[in-house]
Amino acid sequence: MAQNEKITIKVCMGSSCYARGNAANLEFIENFIKEHHLEANMEIFGGRCENRCAEGPNVIINGEVCKFASKENLEKVLNKYVTQQV
Ligand code: FES
């Protein structure tokens, strides 16, 4: 990962995604960032509904849509970025 390159994490805050797991996913991601000291490398923000509710909750990490987001699959994706930071 390049030094100045920030990983963007957009958590859908639309009512469907939020109610179906993104409230907890947001907390999980924030804790993950803190635990791994990634504040300088990752930027997290809320997004609006993008009409993908049926596949939600959705989290978009660097443009890649993580469908049916859960702590388990988010952890896998986020860990990929942690291991890239050598
Ligand atoms: S509420 Fe997240 S895509 Fe619709």
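**Overall layout**

Reply: The protein chain has two helices and four strands. Helices (H or I, at least four residues) and strands (E, at least two) are DSSP runs, numbered from the N terminus. This is a predicted model: local features need pLDDT of at least 70, side-chain atom pairs count only at pLDDT 80 or more, and totals for chains, interfaces and linings use all residues. Residues are numbered from 1 along each chain as its sequence is written.

Me: In what order do the elements run from the N terminus on?
Reply: The order is β-α-β-β-β-α.

Me: What joins β1 to β2?
Reply: Six bridges do, and the two strands run parallel. Strands pair if DSSP finds at least two bridges between them. β1 covers residues 7-12 and β2 covers residues 42-47. Ile9 stands opposite Ile44 in β2.

Me: Now α1. Where does α1 bend?
Reply: At Gly21, by about 70°. That is the angle between axes fitted to the seven residues ending there and the seven starting there.

Me: Which residues of α1 are buried?
Reply: Cys17, Gly21, Asn22, Asn25, Leu26, Phe28 and Ile29. Buried means 20 or more other C-beta atoms lie within 10 Å of the residue's own, with C-beta atoms placed from the backbone.

Me: What do the buried residues of α1 pack against?
Reply: β1, β2, β3 (59-61) and α2 (71-84). For contacts, the C-beta atoms of two residues, placed from the backbone, lie within 7 Å.

Me: And what follows α1?
Reply: His37, with a positive phi near 55°.

Me: Back to the whole chain. What does the C-alpha trace span?
Reply: About 35 × 20 × 15 Å along its principal axes. Of the 86 residues, 24% count as buried.

Note on methods: A residue is buried if 20 or more other C-beta atoms lie within 10 Å of its own, exposed if 12 or fewer, and partly exposed in between; C-beta atoms are placed from the backbone.
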